[in-house]
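Please keep the sequence and the structure in view while reading.

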Amino acid sequence: MSFFRLIDKGNYPKRLFVGGMHGKESFSTINALKKIQSFNVKNGKLIIYNCDQSKYISTLDKRYYNTKTGIKILRLINYYHPDMYIETHCYNPKNYKNLIDGHRKEKVGVPPLIELEKGVLIGSVSPHIRTNEFKRENVCLTLEMPCFHQKSDEKRNNFQKQKESFEIYLKILKIIAGSDSRSDLEKKISEDYPKQFETARNYAKEFFGKYPPF
Ligand SMILES: [Zn+2]
């Protein structure tokens with residue numbers, strides 16, 4: 001499921017979208033990443049990389065960045081120095097509650113993800129890379145949708161829901177692809193999701209001590 005696309009319309013901003021970072025997520029994320037086309041990018045660069053299937057290690061686990069996939073991602077970050085770095089993940093619906101849990105910080109050390117709508121969640125990236133690899137003004141986001149490879153009994157019931165989630169996920173990716181700066185992106189997201197944007201800001205402030213995070 002390895003996939004690479006570079007859309008080049010200038011030097012700023014540089015956006016890096018990575019997907020399928022662990023487990024079988026790549027089978028779901030590739031469907032969205034492949035749908036982003038040159039016309040979705042007005043200026044700057046967009047680098048899209050979907051990883052191969054790999055063993056599941058959470059990006060919150062420091063060892064992740066020593067795995068083959070983790071090293072590849074760090075290389076991409078260090079090569080392109082993206083102004084916007086977006087991780088596209090997917091989750092098993094049974095983990096939904098844990099991801100948005102108000103006590104997630106006490107439990108796993110990071111703030112909860114925030115639901116935009118239809119099961120699409122947004123949050124920051126792993127603290128292991130947020131402060132080491134990026135500058136404060138860079139945009140670093142994680143996007144989550146339910147994975148496509150669920151058990152077959154639930155498949156039929158979940159199909160419509162998954163489709164709706166997928167459309168929102170793709171919409172957000174296209175918004176990011178078409179944004180030319182942090183403020184432009186923040187304006188667009190906060191227009192559609194004012195409450196969620198405010199919550200995200202507060203979580204980042206709490207966690208990193210400042211907004212944008214540092
Ligand atoms: Zn993931």
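Of the contacts in the protein chain with a separation of 6 or more, what percentage is accounted for by residues 24 or more positions apart? In this predicted model, such residues account for 70% of those contacts. The chain itself contains eight helices and seven strands.

The overall dimensions may be considered next. A compact globule with 214 residues would have a radius of gyration near 17 Å, and the protein chain, at 16 Å, agrees with that expectation. Taken along the principal axes, the box filled by the C-alpha atoms is roughly 50 × 40 × 35 Å. Of the 214 residues, 34% are buried, where a buried residue has 20 or more other C-beta atoms within 10 Å of its own.

Attention now turns to the strands. Strands of a sheet pair through backbone hydrogen bonds, in either a parallel or an antiparallel sense. Here, seven strands form an open sheet with mixed pairing, and their order is S1-S3-S2-S4-S7-S6-S5.

Strand S6, residues 120-123, pairs with strand S7, residues 139-146, in the antiparallel sense over three bridges. In this region Gly123 stands opposite Thr142 in S7.

The last element to examine is helix H8, which comprises the 15 residues 194-208. From its first C-alpha to its last, H8 reaches 21 Å, close to the 21 Å expected at 1.5 Å a residue. Which residues of H8 are buried? They are Ala200, Tyr203 and Ala204. Viewed down the axis of H8, these buried residues fall within an arc of 100 degrees, and therefore they line one face of the helix. The buried residues of H8 pack against S5 and S6.

Just after H8, Gly209 takes a positive phi of about 85 degrees.

Methods: Residues are numbered from 1 along each chain as its sequence is written. This is a predicted model: local features need pLDDT of at least 70, side-chain atom pairs count only at pLDDT 80 or more; totals for chains, interfaces and linings use all residues. Two strands pair if DSSP finds at least two bridges between them. Helices (H or I, at least four residues) and strands (E, at least two) are DSSP runs, numbered from the N terminus. The radius of gyration is taken over C-alpha atoms; the globule rule is 2.2 Å times the number of residues to the power 0.38. A residue is buried if 20 or more other C-beta atoms lie within 10 Å of its own, exposed if 12 or fewer, and partly exposed in between; C-beta atoms are placed from the backbone. Two residues are in contact if their C-beta atoms, placed from the backbone, lie within 7 Å. The expected span of a helix is 1.5 Å times one less than its number of residues. The arc is that of the directions from the helix axis to the C-beta atoms.
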